[in-house]
Amino acid sequence: QDPRLHPTALSGLPALGALGRELAAEWAAQDVRAALCQLLLLWLGLSLLGVRLAWRAYGGAVAALCYRPAARRPPGPGPPAEPGKTHRE
């Protein structure tokens, strides 16, 4: 031991070491969180790409299943339900 150091000065070294280990563990935990976030973003991107490719391949078939002829009418006034009545009354 160095005689110039006070004995209580060395007692703080284990606490400093523990603090350093705690900070290192927290740093590693942040890296794990960042990796998980990147993994989830990659999963989201791949899922959206898969949906886009599937829609490109099967979108026409899906739209044909959902086709409603009444929804394809041209815009404008249609025939009134009862003669002489309109929706404005």
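This briefing covers the fold, surface and side-chain contacts of one protein model. The model is predicted, so local features need pLDDT of at least 70, side-chain atom pairs count only at pLDDT 80 or more, and totals for chains, interfaces and linings use all residues. Residues are numbered from 1 along each chain as its sequence is written, and side-chain values use heavy atoms, with hydrogens and water left out. The protein has two helices and zero strands. Of its 89 residues, 1% count as buried.

**Helices**
- Helices (H or I, at least four residues) and strands (E, at least two) are DSSP runs, numbered from the N terminus.
- Helix α2 covers residues 12–65, and Leu46 lies in it.
- α2 has 54 residues and reaches 74 Å from its first C-alpha to its last.
- That span is close to the 80 Å expected at 1.5 Å a residue; the expected value is 1.5 Å times one less than the number of residues.
- α2 bends by about 65° at Tyr58. The bend is the angle between axes fitted to the seven residues ending there and the seven starting there.

**Surface**
- The protein exposes about 8700 Å², with carbon and sulfur atoms supplying 67% of it.
- Areas come from the Shrake-Rupley method with a 1.4 Å probe; for residues, only the protein chains shown count as cover.
- Val32, Leu36, Leu39, Leu42, Leu46, Leu49 and Leu53 make a nonpolar surface patch of about 670 Å².
- Patch residues have over 30% relative accessible area and no salt bridge; nonpolar side chains (Val, Leu, Ile, Met, Phe, Trp, Tyr) are joined within 5 Å, like charges within 9 Å.
- Buried means under 20% relative accessible area, exposed over 50%, and partly exposed in between (1.4 Å probe, protein chains only).

**Salt bridge**
- The structure holds one salt bridge, defined as a side-chain nitrogen of Lys or Arg within 4 Å of a carboxyl oxygen of Asp or Glu.
- Glu26 and Arg33 form this contact through their side chains, at 3.7 Å, N to O.
- Glu26 is partly exposed at 39% relative accessibility. Arg33 is partly exposed at 48%.

**Cysteines**
- The whole structure has zero disulfides, a disulfide being a pair of cysteine sulfur atoms within 2.5 Å.
- Cys37 is partly exposed, at 44% relative accessible area.
- Cys66 is exposed, at 56%.
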